[in-house]
Number of protein chains: 2
Amino acid sequence: MARARSEERRAEILRATLEVIAERGYRGATLGAVAERVGLTQQGLLHYFPTKEALLVAVLEDRDRWDTGGGGGEEGAWRLELLGSLVEYNAMRPVIVQTFSALLGESVTEDHPARGFFTRRYTQVRAGMAATLRAEYGDTLPGGLSPERAAVLLVAVLDGLQYQWLLDPEAVDMPGAFGDFLGLLKGPEDPS
Amino acid sequence: MARARSEERRAEILRATLEVIAERGYRGATLGAVAERVGLTQQGLLHYFPTKEALLVAVLEDRDRWDTGGGGGEEGAWRLELLGSLVEYNAMRPVIVQTFSALLGESVTEDHPARGFFTRRYTQVRAGMAATLRAEYGDTLPGGLSPERAAVLLVAVLDGLQYQWLLDPEAVDMPGAFGDFLGLLKGPEDPS
């Protein structure tokens, strides 16, 4: 019961964090601002999340849980046909994409608290995508790559497009470009 | 003459900045540390670069100038055959790639001082790459895309691979993956 209340409180804090980011931007999302929004002291908030980075990582883990279909955990959770929809969905929620992209950028610096999260996440995401591609295409994709080598590029395109799109949403059609890439992976269609 | 000395001083500051980043990481590269290294007061350094972000942007602009062949400015400066070599070269200089990637990540947040630099840079880089691809392949690449649509993906792959590689250099073969992508753009080879 105490545990259920604590879980609820955590979820409430994560929602509040997104709202604060939406209003004040990533750098303005201080622990103090989040605490105020949920009616906690900053000390009380630290009980749930010891640092701002821990809080932001939790927001992103929550996003991943949603995006991969909620606790299913089976291989192929990143089904290829769904990835296009995910990119379209992301194009409608710049705030969470911005949070993800800003934190990914920071995480590559030495000793950043989110570095472990992202390193593990990418290992998992690459393996999940490779499994999906193998289930769909076997050991070689029509475009000629192995599932593992295609997975690295798939993830790179997803991330790289987000930066270009966030910087210049008018100039970059993120879902369209991702569709172009899937077309390259699938190789030339039968001329008919 | 005063101008030449000032240019020289700027170049010296940029070199010192890279050294400081190499030693202390991106976040540890304070204006104070850079000033000390070049024997300026912090006030003196601010005369050349008013903020840390301005200094880091200047470092990256300097990198771009080198990477595109130094002031030539002609179309096709990003020659496709050279891009593979650039990726191999980048794989040997993690510090500058890390600086670039961390600053790109930050730049997508609201009102970041490097946002304008990156937005302009990507507009130019996409246009330059599209021109290169058009010169080489005409209006349609063998893989089926227009030069403009291929250029967006080319840039996305370059950036996205850098994040995966910085986080986990053992797991990600950045030059190999980029070569895979060039292969997709070029389409299936003649079976012979």
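I shall go from the whole chain to the pairing of the copies, and then to single residues.

This is a predicted model, in which local features need pLDDT of at least 70, side-chain atom pairs count only at pLDDT 80 or more, and totals for chains, interfaces and linings use all residues. Residues are numbered from 1 along each chain as its sequence is written, chains are lettered from A and ligands numbered from 1 in the order in which they are written, and side-chain values use heavy atoms, with hydrogens and water left out.

Let us begin with chain A. It contains nine helices and zero strands; helices (H or I, at least four residues) and strands (E, at least two) are DSSP runs, numbered from the N terminus. Of its 192 residues, 49% count as buried, where buried means under 20% relative accessible area, exposed over 50%, and partly exposed in between, with a 1.4 Å probe and protein chains only. Contact means heavy atoms within 4.5 Å. Among contacts in chain A between residues at least 6 apart in sequence, 63% join residues at least 24 apart.

How are the two chains related? A rotation of 180° with 0.0 Å of shift along its axis superposes chain A on chain B, with an RMSD of 0.1 Å. The two copies are thus related as by a two-fold rotation axis. The superposition is by least squares on the C-alpha atoms of residues with pLDDT of at least 70 in both copies. As for the interface, 100% of the interface residues of chain A are also interface residues in chain B, so the copies meet through the same surface.

One residue that reaches across to the other chain is Arg126(A). Arg126(A) lies in helix α7, residues 115–137 of chain A, and counts as buried at 9% relative accessibility. Its side chain makes a polar contact of 2.8 Å with that of Gln164(B); such a contact is a pair of N or O atoms within 3.5 Å, and within protein one must be able to donate a hydrogen and the other to accept it, while residues adjacent in sequence count only if both atoms are side-chain atoms. Beyond four places in sequence, Arg126(A) also touches residues including Val152(A), Asp168(B) and Val172(B).

Next, the interior. In soluble globular proteins, nonpolar side chains tend to be buried together. Here the largest nonpolar core has 124 residues, of which Phe118(A), Leu154(A), Phe118(B) and Leu154(B) touch the most other members. Such a core is a set of buried Ala, Val, Leu, Ile, Met, Phe, Trp, Tyr and Cys residues joined through side-chain atoms within 4.5 Å.

Finally, which residues of chain A does UniProt list for "DNA-binding region"? The unreviewed entry gives residues 30–49; UniProt positions follow the numbering used here, feature names are shortened, and annotations may be inferred rather than shown by experiment. This stretch is 75% helix and 0% strand, with its end C-alpha atoms 12 Å apart. Val38(A) is in helix α2, residues 31–38, and is buried, with a relative accessible area of 9%. Setting aside neighbours within four places in sequence, Val38(A) contacts Arg9(A), Glu12(A), Ile13(A) and Ala16(A).
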